[in-house]
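Me: I have just opened this entry and would like a short tour. Could we begin with the overall picture and then turn to details?

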Amino acid sequence: MKSYNRISEIQADLQSGHISCLDLVRSYLENIRLNSHLNAFLEVWEEEALRRAAQTDENIRAGKMQKLSGVVIALKDVLAYKNHKVSASSKILEGFESLYSATAVQRLEDAGAIFIGRTNCDEFAMGASNENSAFGPVLNAADETRVPGGSSGGSAVAVQAGMCHVALGTDTGGSIRQPASFTGVYGLKPTYGAVSRWGLLAYASSFDQIGSFCRSVEDIEWIYNCIAGPDDQDSTVSVNHKTLPFEKGSGKYHFAVMEEAIHHPGLNEDVRSMIKTAIANLEKAGHRVSYFRFPLLEYMVPAYYVITTAEASSNLSRYSGLLYGKRSTAAVDLESTFVASRTEGFGTEVKRRIMLGTFVLSSDYYDAYYKKALQVRALIRQKTLEILDGCDAILIPTTSSPAFKIGEKAKDPIAMYLADLFTVQANLAGVPAISVPFGKSSENLPMGLQLITGLFEEQKLFALSETLMSVAE
Amino acid sequence: MQRGECHRNKLVLQRFMEFEAVIGLEIHVQLSTKSKAFSADSTEYGGMPNTQVSPISLGHPGTLPRHNQKAVEQAIKMGLALHCDIRRVNHYSRKNYFYADLPKGYQITQFDTPICNNGFVKIKTSAGTKNIGLIRIHMEEDTGKSMHDQDLHDSLLDFNRAGTPLIEVVTLPEITNGDEAYAFVSEVRRLVRYLDICDGNMEEGSLRCDANVSIRPVGTTEFGTKVEVKNMNSISNVKRAIDFEIQRQTELILSGGLVVGETRGFNGLQGTTFSMRKKEMINDYRYFPEPDLPPMHVTDEFLESVRAGMPELPETLYERFTKSYQLSEYDAGVLTDDKATALYFEELAKISGNYKASANWVSVNIRGYLNENGIELSQFPLSHSKIAELIVQVEKGVLSHSAAAQKLFPAMVENPDESAAGLIEKLGLAQNTDGDFIENLVNEVLAKYPEKVAEYKSGKSGLLGLFVGEVMKASKGKAEPKKTNEILLQKLG
């Protein structure tokens with residue numbers, strides 16, 4: 001089976017009868033089998049996918065091609081899909097099946113997509129390497145000794161290794177863009193409030209967004225248009241704002257580059273030369289590149305971790321062993337049900353973040369940490385929007401280095417947290433950002449460049465991504 | 001000075017001291033919206049356990065709250081009725097703690113931006129009227145219910161109530177005794193019923209009251225250590241618990257002890273409070289802004305539409321009943337005690353045109369009937385127009401008031417579809433105004449009591465009543481009293 005980069009190509013071949021959807025699904029299933037050692041999937045819905053593929057073939061023969069007919073999608077294991085297991089890669093949700101579907105999942109299903117399985121991730125989306133899953137790490141298909149990034153590592157690898165066409169992920173501080181960059185695929189984090197979070201197992205509610213991994217910008221846009229938009233179930237999905245239209249105009253754009261990022265001492269040399277190449281190529285093609293200073297850079301990761309852990313400590317209180325999921329066999333009364341179930345059910349990183357969050361919200365430290373972090377966030381948001389007002393997009397590496405080795409940072413949580421250095425800005429500010437694959441490192445590892453635009457400027461983001469790709473070649 | 005002596009002196013000093021109580025109340029009002037505060041689940045009381053739950057009420061992974069505009073409207077109504085300032089930008093917060101009946105591990109509530117601030121409630125006690133100031137009214141969601149006595153081995157949980165909208169009314173510490181607390185809770189209950197935002201039923205828990213009680217020597221301004229009293233499931237228990245607690249704290253201090261900051265429960269059987277938990281064990285609730293709900297704005301239009309939809313409140317009705325309708329303060333008080341009675345009365349008075357008689361029929365006869373039968377006005381079988389027919393018949397002199405009250409009224413209740421006139425006819429209740437009929441009876445009576453007639457004539461005019469009564473008895477209540485009087489006076493010359 002040919003390897004497709006675009007939904008439009010798949011649908012053209014399905015329409016012409018060149019391929020059948022059944023064969024297409026079989027080829028993904030075959031790739032899943034061949035790559036099972038990458039540990040990308042926690043569960044494969046083989047029978048259902050085949051059944052739905054047969055139905056899709058029938059529909060196409062009857063002239064009923066839907067927007068996502070023939071599009072095979074994997075779901076990160078933090079998205080609810082009715083009557084299917086969902087575990088956030090945690091033992092605490094052992095045996096749990098969702099009674100309903102996430103809005104994004106429902107919209108994809110209604111548009112004719114086929115779900116092939118749920119993908120491995122860091123437990124409750126907390127991590128940057130996919131090493132925090134209760135079901136083992138995911139391996140990067142580009143180099144199996146390396147991490148795929150996280151937290152949506154399974155979704156990234158599923159698209160990277162052709163185990164599905166598209167995968168949904170979630171991005172709280174870089175959990176889509178960072179693994180996209182590590183695996184050489186496209187990854188979008190939409191504007192906060194653009195895609196409903198209904199059915200997304202929350203890590204940090206004021207940051208989490210659902211987005212996709214794809215093999216082209218065209219598909220990123222295609223999927224975004226299917227899942228974005230107002231939803232009664234999520235009051236934080238803006239009903240007043242919708243994605244702003246974008247006129248391509250002259251096709252010459254203004255990119256702003258953060259000085260602190262390209263001069264950062266921790267920046268890998270391959271990454272540094274990649275962004276320099278991008279800048280040079282953009283200028284050569286007639287685009288404008290300017291530089292700005294952002295002294296708040298060093299406060300981004302601390303502010304991000306204070307607020308996200310605070311929200312997480314509360315969001316994860318519902319996993320108590322009482323109503324669903326794992327209940328410890330050591331539970332003898334209410335207190336031990338809570339304590340033992342949570343002690344056994346959660347992994348180390350989740351516990352660390354619950355404790356951090358509980359600490360920063362406690363009455364003695366609230367002002368010193370949580371409140372201050374909210375102020376920092378407001379400042380970062382304001383400064384970021386100011387910069388975006390003066391340019392078309394911010395251009396910044398997605399990550400400071402290509403994929404690192406499995407185990408390399410596992411013992412050093414601070415080093416791991418710094419993996420989010422360039423990605424948390426978009427989440428703190430709520431603006432959309434995309435990671436576009438851009439060249440290979442000296443070790444032949446994928447690298448990604450990140451573009452950030454203003455609130456609800458996804459259409460502009462897609463247009464500028466195409467521009468960026470055009471100078472990559 | 002010896003130590004013992006010092007202690008004795010202190011006691012002597014304290015004996016001369018008088019204490020005053022400082023009491024603040026927190027009243028939880030369960031709102032009567034059809035659906036829950038943050039989901040579409042039904043809020044109806046009394047359903048089979050765990051039948052009014054959705055993934056949202058159960059805090060399933062991935063679910064999100066969405067706020068119920070009706071609950072906001074009801075909270076604002078309460079605020080307007082209690083003269084509060086209404087906040088235009090409202091934030092929700094999370095109150096975090098672990099308990100079995102709290103599915104999400106946090107309760108959505110309002111922390112630093114309550115929907116209403118300030119305001120007051122006017123109360124009446126035997127000591128007069130007084131305004132009790134309010135600190136705030138905020139919105140929040142209720143928890144589920146734990147039941148520890150339904151099963152031999154396990155505690156059982158019912159989440160039907162989880163997520164039901166509540167408002168919490170918090171007073172300033174301006175209440176000084178059980179009587180005032182009684183009056184305050186009664187007034188709040190009356191208002192929520194008028195506003196139709198809560199059934200006010202304390203037994204079922206739709207209205208719940210906690211009291212913070214402390215005492216201090218009269219004349220001092222510093223607050224004493226406060227004790228929170230819970231589990232008072234009736235208004236009279238609120239009064240009993242507070243009075244007991246004041247007594248307990250006073251005796252404790254007088255005997256040289258110290259009041260401990262704690263939460264106490266109330267034992268209704270013994271009329272005493274008991275320690276539930278000490279303050280040191282109180283949670284740090286880690287309040288923070290609820291990220292799943294954007295700020296809720298109360299617009300001018302919305303506020304005005306709520307204001308326009310406010311029903312008349314008892315104070316307004318009382319004014320009208322005493323001033324325009326010329327009713328006594330007592331009657332007006334009884335009639336405005338609850339909304340249904342007040343509305344029934346107004347409607348009846350409008351149809352019958354007789355305010356005084358309408359007030360009497362409602363406050364004496366109808367209320368008496370309801371009390372005897374233990375039913376609500378809504379279950380009373382007779383419409384206003386039926387009672388109006390009855391009033392008109394008495395007014396026209398067709399039958400006596402006592403015949404109407406004792407015979408016609410019960411008959412109408414039994415036969416709510418028949419007209420008053422029809423039943424008067426059927427039961428033969430019409431008074432007899434026929435002169436000959438009455439004259440014959442008068443003659444009989446006067447003939448029966450010659451000595452009394454003599455006494456009357458010699459000046460004992462008070463005996464007239466006896467003769468009237470005898471005529472009435474002989475006529476089986478049918479002789480028209482005015483005519484009977486006339487004829488008697490004429491005969492007795």
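This is a predicted model: local features need pLDDT of at least 70, side-chain atom pairs count only at pLDDT 80 or more; totals for chains, interfaces and linings use all residues.

Me: How many helices and strands does chain A have?

Reply: Chain A contains 16 helices and eleven strands.

Me: And what are the dimensions of the box its C-alpha atoms fill?

Reply: Taken along the principal axes, the box for the C-alpha atoms of chain A is roughly 70 × 60 × 45 Å.

Me: What share of the residues in chain A is buried?

Reply: Of its 473 residues, 63% count as buried. The accessible surface of chain A is about 17,000 Å², with 50% of that belonging to carbon and sulfur atoms.

Me: What about charges in chain A?

Reply: Chain A carries 45 positive and 53 negative side chains, and the centres of these two sets are 1 Å apart.

Me: Changing topic, which domains are assigned in chain B?

Reply: The assignment for chain B gives domain 1 (19-297) and domain 2 (435-492). Over C-alpha atoms, the centres of domain 1 and domain 2 of chain B are separated by 66 Å.

Me: Back to chain A: where is A:Gly63, and why does A:Gly63 count as buried or exposed?

Reply: A:Gly63 sits in the loop between α3 (46-61) and β2 (72-76) of chain A. Its relative accessibility is 59%, so A:Gly63 counts as exposed, the cut-off being over 50%.

Methods
Residues are numbered from 1 along each chain as its sequence is written. Chains are lettered from A and ligands numbered from 1 in the order in which they are written. Side-chain values use heavy atoms; hydrogens and water are left out. Helices (H or I, at least four residues) and strands (E, at least two) are DSSP runs, numbered from the N terminus. Buried means under 20% relative accessible area, exposed over 50%, partly exposed in between (1.4 Å probe, protein chains only). Accessible areas come from the Shrake-Rupley method with a 1.4 Å probe; for residues, only the protein chains shown count as cover. Lys and Arg count as positive and Asp and Glu as negative; His and the chain ends are not counted. The place of a charge is taken as NZ of Lys, CZ of Arg, CG of Asp or CD of Glu. Domain bounds come from an automatic or database domain assignment.
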